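Please look over the model below before reading my notes. They run point by point.

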Amino acid sequence: MKKTCTVNIRPLTRVEGHGNIRIKIRNGKLQEAEWSVVETPRFFEAILKGKKWDNAPWITGRICGICSIGHTLASIRAVENAFGIVPDEQTRKLRLLLKHMETLQSHTLHLCFLVLPDFMNTGSVFPLIKSHGDVVLRAAKIKKLANDVCDCVGGRRLHPTRTVVGGFTMLPEKRQLHEFSERLKEITEDLMLLSGLIREFSLPDFERETEFVSLKGENDYPFIGGDLVSSDGVHMKEHDYKKMTNEYMVKQSTSKWCRLSRGSFAVGALARLNNNFDFLHPAAREVAESFDLKPVTHNPFMNNIAQLVECVHVVKESVSLIDELLDSEFGEPRQEVRPRKGVGVAAVEVPRGILYHCYRFDDKGNITKCDCVIPTGQNHANIQHDLEALAREYASKGKDDRELELLAAMLVRAYDPCISCSVH
Amino acid sequence: MAESRTRTYLGVPLYRPRVAFFEFSSCEGCQLQILNNESTLLDFLSLVEVVNFREAMTERSEDYEIAFVEGSITTEEEIKRLKKIRKNAKTLAAMGSCACFGGVNQLKNRFRNPASAKREVYGSHPVDSGPVRAVEDVVGVDLRIYGCPISKDEVEKIVLHIAIGKSIVVPKYPVCMECKRNENICLFEFGEPCLGPVTRAGCDSWCPSNRAGCWGCRGPAEDVNLRQMRKIMEENGFSEETIIDRLECFGGFLSLMKPERGRHG
């Protein structure tokens, strides 16, 4: 049995952005376990200073290439909250549909293109095209549908164009929505087949108790705006986000870290599900229960399953949203914007967890202060603590380097980190 | 290797280049655009041999012919890494606005005092970050793929052309030409500012077709008349500030508008 082991992953692959893992075990004792973030900062919060309000969604959407729609919607909500704009029903529904399709696109990318290779013993999805063509094609079909809806409703699958403060520059045609509804109904079967496949994998059996932070559902599974809640019993208003995140700097990371009631907390699909399980669509709840996933689950690897559950939820809810949109008369795509002095905060659940944007405006609508708190930034401390606990647990068991390396990589990957986003 | 010899395109034996993807300071969205073309992704992947793509694969090789480089360059470490890639690659393609012009990241450069951006975000915490530079400010670039994000169809066409040895032609005319061809109502009619008259085409007027004015992410078309464009924008009631916001957003127009930079302390 090998009791001395070194893991040095520089940089971690199949995640967005640059992060390194280092673990050192000597004679069965953990000497070091570090998750470090080496991504270069881009200074978005400084860039926006002095810029007019309409730059905010356009520029901050570029913080992230995977969840640009989430950033754009958070940015828009923060500006609207500052200017006292309340989106109408039509805009709210279209935004939620767009949000859902980004979630579906992002979760599918993560589960099928980034995580799946770990369970199939390959380094990437590319060899799976030959060996498991059916799975890859199904995943591509789901992702394509989600992206097609984003193109249509948001004006582009990445860095959307139609989403603006006050509403949309233009609306989708009803016949397009109708077609999407049919395709959405069809892919439920693909999702079920995927979950059948994933059920065959055994996820690492690892638990570490932590705090989960998310939006708090009132009547629905929450995505855009509302109160903030933690599994340790903290409950706050959206505009108090700073007290919920408590950012601080650490040496090992160019991203800020966060904490709340304990040393670290987690955000993301698992956090949302742990805090809002009762609001899941019955079909999604059924999938969760088939994986024995129920609140409060403390195994971080189960975030993968929580993402799968959310895929089912957003597909089901999108079908209903489209039905409601098709039954309504479309009104004006956008309302007028009157800038005013003030502060606006937005909390939006993006694929990797709760995202906050906050802007302060002068009376001309120019930005005097900008702050963005990113989901992966909130997860870094939790990843670090998990990594230490995992390494410590395996130190005494005597795993070989390769085994521990794979486990550690899979642990960080389970968080679906968006590292360049967290540094922004 | 055997496979690369047997593949043909229109009866012509296909050359299957070894390609690598690299990212520097960026959102990594351009790389994702490559995975985002689900309907043609498998065909695309059969055209090339991907040997290095950190965001999607664990294996990596330093033996590649074409390097696609995304992102702007902001640290010494990035410069070192980029120079190594330049050495390894026969063809280096700058992919996206960040790589071509610095992208939105270069907006940081407009602060007179470089330390102020650092202070704004990190306080006194030390962070390594210099001025934002385009890839061609550091190493030679053979090919530019414009856009924020890149158009997935365009990048596939470029790779196909490399594989079949066809020359790559980027439009010299502005976005307006494509916008007219798409029969869009001019955005000025909607009171929306737009850089379509001066921005390089090739995006098929994506933003104006979605009724969003152009922000110039593909940089200037050839022989643009920036002065006339500004005059038209002013006549349409757009403020100087709005015009500059658009022109400086992605960095492509910087060389044409130097005096306006550095407005912020």
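Over how many bridges do S2(A) and strand S3 (residues 29-37) of chain A pair, and in which sense, parallel or antiparallel? They pair over 8 bridges, in the antiparallel sense. Strands pair here if DSSP finds at least two bridges between them.

1. Ground rules. This is a predicted model: local features need pLDDT of at least 70, side-chain atom pairs count only at pLDDT 80 or more, and totals for chains, interfaces and linings use all residues. Residues are numbered from 1 along each chain as its sequence is written, while chains are lettered from A and ligands numbered from 1 in the order in which they are written. Helices (H or I, at least four residues) and strands (E, at least two) are DSSP runs, numbered from the N terminus.

2. Strand S2 of chain A. Strand S2 covers residues 19-26. Its covered face holds Gly19(A), Ile21(A), Ile23(A) and Ile25(A). Its uncovered face holds Asn20(A), Arg22(A), Lys24(A) and Arg26(A). In a regular strand the side chains alternate between the two faces of the sheet.

3. Partners of S2(A). Strand S1 (residues 5-9) of chain A pairs with S2(A) in the antiparallel sense over 5 bridges. There, Val7(A) has Ile23(A) as its bridge partner. On the S3(A) side, Asn20(A) is bridged to Ser36(A). The hairpin of S2(A) and S3(A) has 2 residues between the strands, and Asn27(A) takes a positive phi near 50° in it.

4. The sheet S10-S11-S12. In chain A, 3 strands form an open antiparallel sheet in this order. S10 (342-350) and S12 (367-373) of chain A stand at the edges; each has a single partner strand, so one side of each is left without a neighbour in the sheet. Neighbouring strands are turned by 10° against each other on average, direction ignored. Axes are lines fitted to C-alpha atoms, for helices over the stretch in contact, and angles run from 0 to 180 degrees between N-to-C directions. S10(A) pairs with strand S11 (residues 353-361) of chain A over 9 bridges. Ala347(A) stands opposite Tyr356(A) in S11(A). Helix H12 (residues 375-397) of chain A lies across S10, S11 and S12 of chain A, at about 125° to S11(A).

5. Chain totals. Chain A has 14 helices and 12 strands; chain B has 11 helices and 7 strands. In chain A, 58% of the residues count as buried; in chain B, 47% do. Buried means 20 or more other C-beta atoms within 10 Å of a residue's own, exposed 12 or fewer, and partly exposed in between, with C-beta atoms placed from the backbone.

6. The A-B interface. 48 residues of chain A are in contact with 46 residues of chain B. Contact means that the C-beta atoms of two residues, placed from the backbone, lie within 7 Å. H6(A) gives the most to the side of chain A that touches chain B, with 4 residues. That side divides into 19 nonpolar, 16 polar and 13 charged residues. Ala, Val, Leu, Ile, Met, Phe, Trp, Tyr, Cys and Pro count as nonpolar, Asp, Glu, Lys and Arg as charged, and the others, Gly among them, as polar.

7. Backbone checks. Most residues other than glycine have a negative phi, and most peptide bonds are trans. A cis bond joins Pro295(A) and Val296(A), with omega about -10°. Val296(A) sits in the loop between helix H10 (282-290) and helix H11 (303-327) of chain A. Another cis bond joins Cys148(B) and Pro149(B), with omega about -5°. Asn121(A) has a positive phi of about 60°, and counts as exposed with 8 C-beta neighbours inside 10 Å. Arg211(B) has a positive phi near 60°, and counts as buried with 20 C-beta neighbours inside 10 Å.
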